[in-house]
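Here are a few notes from my look through this one. Have the structure open while you read.

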Amino acid sequence: MSVKFSVVVPAYARPEQLAQCLARLAPGVQTFAASDYEVIVTDDSKDTSVKDLVQARFSWAKWTAGPKHGPAANRNHGAAQANNEWLAFTDDDCLPEPGWLAAFAFALAESGNTAPDVMEGRTFPDRPQRSLAERAPLNSHGGYLWSCNLAVRTELFQQLGGFDTGFPYAAMEDVEFALRLRANQAKEKFVPAASVCHPWREINGFRAMWQVEDKHLASVKYFLQHHPEAWPNHTPLAYLKNNLRQFIRNTLPELWRWHGRGATVALAWHLHTLVNSFVMLKKPTT
């Protein structure tokens, strides 16, 4: 019996980018039988731009109004509409390769009796990085289980309660979900052929970088409150070591070429992460 997927795409006020994503998921573009997958766009937008786009140009996709309580709740809402035994998550600013779903299906077929419960694919950028101010969640070796390129058994997702909706910002909710998957001994598999392109996104300036890091560290605090066992990976010393590693390997060699705003933003990130990790992150009490 063939495997069937429900593709969940959380959307928020980015109709132009969503259009590119859905064009890659269209029947006849994906090298996977159209009868064996559905696409669910769960929409947290405050206006009707996404709804109008889906209904006008991508009527084969299912549009549903999201709960407007952040991306974790939006993904959970989309998953609740699913009709198939596997959920495949990507984001509205991502570009799945034509063989994305077929690669996941092939990985399941060749696994036999050792079939995984969760799969992640390769996530790659659209071009070489042009500035240190550009960011993208790249994944070429696996082990992250990031929600922009993730497939999980629907039944298991429901058993675990989906993504934690308590995170204050759009950060760390997939890390937390991965931790619960592993605590439940879910079998995972990295499928490089299940590739998704995540274009570089530029963080526009010093202040914007600080705001991004403030939100990230606030989500880390929430994560540690619920998973104090993960504290050793998030101590100020661990952040200091990672910061120095990133600075030596990535930032320092490129500063001579990427001077100006990009270098300023990168240096701001290093400084802010170090300062805030000492100020905001404290060992959780048990």
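**Notes on the fold**

1. Starting with the overall picture: of the contacts in the chain between residues at least 6 apart in sequence, 77% join residues at least 24 apart. Bear in mind that this is a predicted model. The chain has 286 residues, 51% of which count as buried, and its secondary structure comes to 9 helices and 10 strands. Its accessible surface is about 13,900 Å², with 54% of that belonging to carbon and sulfur atoms.

2. Now the sheet. Eight strands make an open sheet with mixed pairing, in the order S3-S2-S1-S4-S8-S6-S9-S5. At the edges sit strand S3 (62-65) and strand S5 (95-96), each of which pairs on one side only.

3. Have a look at the S6 and S8 pair. S6 and strand S8 (residues 150-153) run antiparallel and are joined by 3 bridges; Val 118 has Val 152 in S8 as its bridge partner. Helix H4 (residues 100-111) packs on the sheet, where it touches S1, S2, strand S4 (86-89), S5, S6, S8 and strand S9 (188-197). The direction of H4 makes about 160° with that of S9.

4. Another helix worth checking is H2 (residues 49-57), which lies across strand S1 (5-11), strand S2 (37-43) and S3. H2 runs at about 155° to S2.

5. On to the cores. The largest nonpolar core has 36 residues, and those with the most contacts inside it are Phe 5, Val 7, Leu 18, Val 39, Val 41 and Trp 100. Two or more residues each come from S1, helix H1 (15-25), S2, H2, S4, H4 and S9, with H4 giving the largest share, 7 residues. Apart from this core lies another, of 19 residues, including Val 152, Leu 160, Ala 178 and Leu 181.

6. Leaving out residues up to four places away in sequence, Val 41 touches Val 9, Ala 11, Leu 18, Leu 22, Val 50, Val 54, Ala 61, Lys 62, Trp 63 and Thr 64.

7. Is Met 119 buried or exposed? Met 119 counts as buried, because its relative accessibility is 0%, and the cut-off for buried is under 20%. This residue is found in strand S6 (residues 118-124). Neighbours within four places in sequence aside, Met 119 is in contact with Trp 86, Phe 104, Ala 107, Leu 108, Asn 149, Leu 150, Ala 151, Lys 189 and Val 191.

Notes
Residues numbered from 1 in each chain as written. Predicted model: local features only at pLDDT ≥ 70, side-chain atom pairs only at ≥ 80, totals over all residues. Heavy atoms only, no water. Helix = DSSP H or I, 4+ residues; strand = E, 2+ residues; numbered from the N terminus. Buried < 20%, exposed > 50% of the residue type's maximum accessible area, 1.4 Å probe, protein only. Contact = heavy atoms within 4.5 Å. Pairing = 2+ DSSP bridges. Axes fitted to C-alpha atoms, helices over the stretch in contact; angles between N-to-C directions. Areas by Shrake-Rupley, 256 points an atom, 1.4 Å probe, with all protein chains shown as cover. Core = buried A, V, L, I, M, F, W, Y, C linked by side-chain atoms within 4.5 Å.
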